[in-house]
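Q: I'd like a close look at a single part of this model, with the cut-offs spelled out as you go. Could you then carry on from there to the surroundings of a few other residues?

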Amino acid sequence: MTRIKKASREVLGLTRAEYATLRRLRTPQKIQAFLYGLRQNFESKGETCNSVRTVLRERRAHCIEGAMLAACALWIHGEPPLLLDFQAVHDFDHVVAVFRRNGRWGAISKTNGIGLRWRDPVYRSLRELAMSYLHEYYNKRDHKTLRTYSLPYDLRRMAPADWVTAEDGAWELIDNLEATRHYKLMGRAHARSLLRRDPFEREVGNLLQYKRPRKR
């Protein structure tokens with residue numbers, strides 16, 4: 001595990017209560033359990049990229065929002081706040097917070113489905129970690145869509161006011177992640193050989209932790 005200077009409450013700009021909540025999440029496992037307990041942000045009122053403060057207040061999140069909160073908690077406990085960006089074709093991107101234990105990588109993830117969730121710290125490289133998401137990364141037409149993964153993005157490159165406490169969203173982070181170098185997981189020939197999900201996989205994949213709200 002890489003140890004760095006812990007992020008103080010003053011550096012992050014959090015209230016005592018906000019900081020105390022994150023400080024209680026002392027391990028990646030506790031951080032993940034906290035994210036599982038947050039409701040899913042279905043963006044019913046439009047797209048969001050809510051800051052850590054907003055997530056703590058609203059108690060809901062989607063992937064990048066959960067990843068920011070996880071990275072912030074890791075930083076508070078002396079670990080680098082690193083995000084990994086996955087890019088897909090004809091599908092949505094996914095963002096996770098990554099950490100290391102005994103020289104191996106793991107991932108903390110906020111998602112509403114069964115596939116793109118937590119990864120135990122057993123992966124020797126980030127590419128190996130990214131490939132663990134390949135089979136479960138699919139779109140509504142049952143195509144496997146994951147194609148690239150990024151270098152880890154260190155959130156210390158941004159001011160905490162832009163992603164920890166921002167009230168108008170952490171939109172700059174999206175641009176920064178997209179600008180980060182990404183690596184291909186496969187060539188075109190390999191992509192053409194990918195098998196679509198079968199009916200049983202489709203049935204299991206449709207399970208959601210939180211039900212979508214009814215449209216009014």
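In which loop is the place of H90?

A: Happy to take you through it. This is a predicted model, in which local features need pLDDT of at least 70 and side-chain atom pairs count only at pLDDT 80 or more, while totals for chains, interfaces and linings use all residues. Residues are numbered from 1 along each chain as its sequence is written, and side-chain values use heavy atoms, with hydrogens and water left out.

H90 has its place in the loop between β3 (82-88) and β4 (94-101). Helices here are DSSP runs of H or I with at least four residues, strands are runs of E with at least two, and both are numbered from the N terminus. Phi of H90 is near 50 degrees, a positive value in a residue other than glycine. With a relative accessible area of 74%, H90 is exposed; the scale calls a residue buried under 20%, exposed over 50% and partly exposed in between, using a 1.4 Å probe and protein chains only.

D142 also has a positive phi, near 70 degrees, and is not a glycine. D142 belongs to the loop between α6 (126-131) and β7 (146-150), and at 7% relative accessible area D142 is buried.

R119 lies over the face of Y133, at 3.8 Å from the ring centre; a charge sits over a ring if NZ of Lys or CZ of Arg is within 6 Å of the ring centre and within 35 degrees of the ring normal. Elsewhere, the charged end of R197 sits over the ring of Y138, 3.5 Å from its centre.

G115 touches Y133 and E136, not counting residues up to four places away in sequence, where contact means heavy atoms within 4.5 Å. G115 is found in the loop between β5 (104-108) and β6 (119-123), and its relative accessible area of 10% makes G115 buried.

T180 is buried at 12% relative accessible area and touches S150, L151 and Y153, leaving out residues up to four places away in sequence.

Finally, G13 lies in the loop between α1 (9-12) and α2. At 38% relative accessibility, G13 counts as partly exposed. Setting aside neighbours within four places in sequence, G13 is in contact with R53 and T165.

Helix α2 (residues 16-23) packs against helix α5 (residues 63-76) at an angle of about 85 degrees, with their axes 9 Å apart. The contact is made by Y19, L22 and R23 of α2 and L69, C72, A73 and I76 of α5.

Terms used:
Axes fitted to C-alpha atoms, helices over the stretch in contact; angles between N-to-C directions.
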